[in-house]
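Reader: Hi, I'm new to this one. Can you put it up and walk me through a few spots?
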Amino acid sequence: MATVKGFRGFRYNPAKAGSYDKLITPPFDVISPEERQTLGAYSPYNYAHLILPEERNGKNKYDAAAELLEQWLAEGVFQQDGEESYYVLEQSFTDLDGNAHVRRGFFASVKVPEPGEETVLLHEQTFRYKIEDRLSLTSACKANFGAVFVTYTDPAGE
């Protein structure tokens, strides 16, 4: 069985960063270069500046993102929650046939399985360059800016 627990997340401080509609983004891998520019123009605190960083101040994009994250933390743009929590997510959407759906889930930390363990099963082909890009960003910032989407069966509603 997978080891799942809460974590102390960081959240935007709207008093410093402004309205969420100017801050949040789709996942990094569905944002085109043109959309990246549009999102970044919404706010100097738009999440695109971290998840799809650009070179700045003579630094490569990963080091620039790390510097930006440190700046935002120092300015109080992000604030860390005081205790470990699970973070609930609810998404409402309409499919291509016009049917309304609601997807509910939560964010948590999950222990990475040891080699040979099958608590988390691979579900897609992931391109090496994307893995290397995300690992470089995570390493430079010492932060994980994106969630891994996992589904599970819970017929008893436990």
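Predicted model: local features only at pLDDT ≥ 70, side-chain atom pairs only at ≥ 80, totals over all residues.
Author: Residues are numbered from 1 along each chain as its sequence is written, and side-chain values use heavy atoms, with hydrogens and water left out.

Reader: Ok, and which helix does Arg-134 lie in?
Author: Arg-134 lies in helix α5, residues 128–141. Helices (H or I, at least four residues) and strands (E, at least two) are DSSP runs, numbered from the N terminus.

Reader: What does the side chain of Arg-134 reach?
Author: The backbone oxygen of Ile-51, at 2.8 Å.

Reader: Switching to pockets: what volume does the second largest pocket have?
Author: About 280 Å³. The volume is the space filled by probe spheres set on grid points, which are joined across faces, edges and corners. A pocket is an open set of points on a 1 Å grid over the protein atoms alone, where a 1.4 Å probe fits, with protein on both sides within 12 Å along at least five of seven lines; lining residues have an atom within 4 Å of a point.

Reader: And how many residues line the second largest pocket?
Author: There are 16, and Phe-28, Leu-52, Lys-61, Asp-133 and Arg-134 lie nearest its centre. Helix α5 gives the largest share of that lining, four residues.

Reader: How about salt bridges, how many are there in the whole structure?
Author: A search finds seven. A salt bridge is a side-chain nitrogen of Lys or Arg within 4 Å of a carboxyl oxygen of Asp or Glu. One of them pairs Arg-11 with Asp-81, with the closest N and O atoms 3.0 Å apart. Arg-11 sits in strand β2 (residues 10–12) and Asp-81 in the loop between β3 (78–80) and β4 (87–94), 70 residues apart.

Reader: Is Asp-81 buried or exposed?
Author: Buried, at 15% relative accessible area, while Arg-11 is partly exposed at 43%. Buried means under 20%, exposed over 50%, and partly exposed in between (1.4 Å probe, protein chains only).

Reader: Which residue forms a salt bridge with Glu-90?
Author: Arg-104, with the closest N and O atoms 2.8 Å apart. Salt bridges that share partners also join Lys-61, Asp-133 and Arg-134 into one network.

How values were computed
Polar contact = N/O pair within 3.5 Å; in protein donor to acceptor, adjacent residues only side chain to side chain.
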